[in-house]
Each structure stands twice: as C-alpha cells, then as structure tokens.
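Biologist: Before turning to the details, may we look at the model together and discuss it point by point?

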Amino acid sequence: MDENKPTTDSGTSAPFATGGAVVPGAGAPAMTRLPGLAMKRRGPVAVWLGLPIVTLGIYQLVWYYKIHKELQEFDRRQTLNPAGSMLVLFFLGWTLIAPLVSYHNTGKAIANAQRAAGLPVTCSPAVSMWLAFVFGLNIWYMQRQLNLVVDAYPGAAPGTEVQLAA
C-alpha cells in the first residue's frame, strides 16, 4: 500500500497553482513600509513674517526650496523639483498664474505627505493657493500643515530615517 506523502514540486509555483490567481501569503511579497527622511519643524509665524522681513524676502525663497527638498526626501514616491519650484517664484513671481499653480502643487505635495505619514489629510491645495491673496498667509498655512507631518514622528531629528505609514 502506498501512502500519500506530500511532495514538493519545484516546477509549479504557488501563485500559478490556482489557475493564475495569487493566493494570499503564498509567494506574494511581504508588505514593507517605505522609509523616508524626517522633516524639520519650523515656526509658522517666523517663516511667514519674521524671517522674510529680516532678510527682505529672500528667506521665503530659501524656505520654499527647503520644504520641497524635504518633501521629496520624506516620500521618495513624489517627484518634486525643489530648484524649479523656487525659480518659478523668483523669475515668474510677477505673473499671477505661475505662483498660484506652484502654491497649489505644493499644497498637493503636503497633502500627499500627510497621507504618507498616516495622518488625516487636512491640507487643501485650494487654500494653499488662495491664501496668497490674504497677506501671504499661505506660507503660514503650509508650514502649519507641514508641522503636522513632523509631529507624527515625535523625537525624530531632521534628516533621520522614519517609516511611512502608507
């Protein structure tokens, strides 16, 4: 009498054993959390009003470059161009449309960072854009929204590796 012993057939892989459907846990790659780099916490009022007044507006361009670089390093799935974003404000700041589009896109990037950190998305790209007309409060708003992402990783120093939630 032959006993039925389980055999391992290396010719058939587990995902194809069920007619092409992937069986959960069988041959499927494990879900891993993506790493990113922690961002720096900044004071919204200092970014919006204090430092731009002291530096005659130069700090706003520096800040805009830095947040885009930090957003790109935080979630590498986002394709951002920090220098390009800053140069839009520098060279096309006299136009109305280019800065507004840039602020809108920055609001979307901040919302994506909030999503990646596992936070409820509270940053509105439209608010990021339209608050530019109210004493430039969009800078204050965007920095407050960025600080929510920073606060999601308590104790993480800027530039250290953190795990993204989504």
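This is a predicted model: local features need pLDDT of at least 70, side-chain atom pairs count only at pLDDT 80 or more; totals for chains, interfaces and linings use all residues.

Biologist: In which helix is the place of Pro99, and which residues does Pro99 touch, not counting residues up to four places away in sequence?

Modeller: Pro99 has its place in helix α4. Leaving aside residues up to four places away in sequence, Pro99 touches Val88, Leu89, Leu92 and Gly93.

**Packing of α4 and α6**

Biologist: Are the helices α4 and α6 roughly parallel or roughly antiparallel?

Modeller: The axes of α4 (residues 97-116) and α6 (residues 137-151) come within 9 Å and cross at roughly 15°. Angles under 35 degrees count as roughly parallel. The crossing angle therefore makes α4 and α6 roughly parallel.

Biologist: How many residues of the contact of α4 with α6 are nonpolar, polar and charged?

Modeller: On the α4 side, the contact is made by Tyr103, Thr106, Ile110, Ala113 and Gln114. The α6 side provides Asn138, Ile139, Met142, Gln145, Leu146, Leu148 and Val149. These residues divide into 8 nonpolar, 4 polar and no charged.

Biologist: Which element gives the most residues to the largest nonpolar core?

Modeller: The largest nonpolar core has 31 residues, and Met39, Trp63, Tyr64, Leu71, Phe74 and Met142 have the most contacts inside it. Two or more residues of this core come from each of α2 (58-74), α3 (82-92), α4 and α6. The element that gives the most, with 7 residues, is α2.

Biologist: Which residues does Trp63 touch, not counting residues up to four places away in sequence?

Modeller: Trp63 is among the residues with the most contacts inside the core. With residues up to four places away in sequence not counted, Trp63 touches Arg42, Val47, Ile139, Met142 and Gln143.

Biologist: Is Leu56 buried or exposed?

Modeller: Leu56 lies in the loop between α1 (44-54) and α2. Although Leu56 is not a glycine, this residue has a positive phi of about 60°. Its relative accessible area is 77%, and exposed means over 50%, so Leu56 is exposed.

Biologist: Where is Phe135 found, and is Phe135 buried or exposed?

Modeller: Phe135 is found in the loop between α5 (125-130) and α6. Phe135 is not a glycine, yet has a positive phi of about 55°. At 73% relative accessibility, Phe135 counts as exposed.

Notes
Residues are numbered from 1 along each chain as its sequence is written. Side-chain values use heavy atoms; hydrogens and water are left out. Axes are lines fitted to C-alpha atoms, for helices over the stretch in contact, and angles run from 0 to 180 degrees between N-to-C directions. Helices (H or I, at least four residues) and strands (E, at least two) are DSSP runs, numbered from the N terminus. Angles under 35 degrees count as roughly parallel, over 145 as roughly antiparallel, 65 to 115 as roughly perpendicular and the rest as oblique. Contact means heavy atoms within 4.5 Å. Ala, Val, Leu, Ile, Met, Phe, Trp, Tyr, Cys and Pro count as nonpolar, Asp, Glu, Lys and Arg as charged, and the others, Gly among them, as polar. A nonpolar core is a set of buried Ala, Val, Leu, Ile, Met, Phe, Trp, Tyr and Cys residues joined through side-chain atoms within 4.5 Å. Buried means under 20% relative accessible area, exposed over 50%, partly exposed in between (1.4 Å probe, protein chains only).
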